Amino acid sequence: MRMNVVDINSTDEWKAQMTAAGAKPVLVDFYADWCGPCKMIAPKFAELATANAGTMVFLKVNVDVCEEIAASIANITAMPTFQVWQNGSLIETLVGASLDKLNAMVLKHASS
């Protein structure tokens, strides 16, 4: 586990983190170890997590480890995919490693 970023390894961990977050927005990075763009944006995701630790919860989900979450819960079709969840509901999705769009997503939800 990285500082300010929680690695999710099971559906039970996913549910526990979503419950613990309460009304706080949760930003999830769905990635794969073999995904080049995922590796490129991962350090920036960690920086955003550190900078916004008090306002959002940051999770990472390896789609190859947590297939049930990726397929059944989040409907992931490409990596990386970033999703914002709040109160257990999906509220925004970003597909692709766009740092500008990821920054905008964090700014939008960290202040809500």
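Start by selecting W14 and W85: W14 is buried, and W85 is buried too (buried is under 20% relative accessible area, exposed over 50%, partly exposed in between, with a 1.4 Å probe and protein chains only). A note before you go on: this is a predicted model, where local features need pLDDT of at least 70, side-chain atom pairs count only at pLDDT 80 or more, and totals for chains, interfaces and linings use all residues. Residues are numbered from 1 along each chain as its sequence is written, and side-chain values use heavy atoms, leaving out hydrogens and water.

Now for the aromatic pairs: a search of the whole structure turns up four (rings of Phe, Tyr and Trp, the last by its six-membered ring, pair if their centres lie within 6.5 Å; planes under 30 degrees apart are stacked, over 60 edge-to-face, the rest tilted). Keep W14, F30 and W85 selected together, as they form one aromatic cluster.

Next, pick K60 and Y31. The charged end of K60 sits over the ring of Y31, 4.5 Å from its centre (that takes NZ of Lys or CZ of Arg within 6 Å of the ring centre and within 35 degrees of the ring normal).

Last stop, E67: at 52% relative accessibility, E67 counts as exposed.
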